[in-house]
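Hi everyone, thanks for coming. Let me put the chain up on the screen, and then we can walk through it together.

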Amino acid sequence: FGFIPVVLRVNTLAGAAGADVDLTMERKFTVMDVHVILEAAGGNAGNKMTVKNTATAITDVIDVGGGADKAVLRAGTIDHDSNEIPAGGKLRISPTVNAANDIPVCQVYITGYYHL
């Protein structure tokens, strides 16, 4: 059984707030890979990014703080117990911001597939 992979691109906001970005899935969606491209230097190790199934982490923590402008950073793990988001569920991009530094704008690319 085959499927067509889909790449979702989400731009996170810069700033100390580090607001979550939620996407509501119209159909069941399975996350296969995540990578982040920085649009500026990442600040320090306190700046991180996690992709979640609502509040449950799908990826390990991606340390964006150590990255330079234009760096490509990849999730090291995908949790197979939480990488399937049900129809109507939330795919969440969740930054953690060090209070001393603003997180840069990040392009987050999520590769996965919709279930038929």
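Which residues of the largest nonpolar core touch the most other members? They are Met49, Leu91, Val108 and Ile110, in a core of 23 residues. By nonpolar core I mean a set of buried Ala, Val, Leu, Ile, Met, Phe, Trp, Tyr and Cys residues joined through side-chain atoms within 4.5 Å. Buried is under 20% relative accessible area, exposed is over 50%, and partly exposed is in between, with a 1.4 Å probe and protein chains only.

Before going on, a word on the model: it is predicted, local features need pLDDT of at least 70, side-chain atom pairs count only at pLDDT 80 or more, and totals for chains, interfaces and linings use all residues. Residues are numbered from 1 along each chain as its sequence is written, and side-chain values use heavy atoms, leaving out hydrogens and water.

Strands 1 (6-11), 3 (29-38), 4 (48-53), 9 (90-96) and 10 (106-114) each give two or more residues, and strand 3 has the largest share, with five. Strands here are DSSP runs of E, at least two residues, numbered from the N terminus.

Now take Leu91. Beyond four places in sequence, its contacts (heavy atoms within 4.5 Å) include Leu8, Val31, Val51 and Ile110.

Next, Thr12, in the loop between strand 1 and strand 2 (21-24). Is Thr12 buried or exposed? Buried, because its relative accessibility is 3%. Among its contacts beyond four places in sequence are Met49 and Val108.

Finally, Gly46 sits in the loop between strand 3 and strand 4. Its C-alpha is 4.5 Å from that of Asn98, 52 residues apart along the chain.

Technical notes:
Helices (H or I, at least four residues) and strands (E, at least two) are DSSP runs, numbered from the N terminus.
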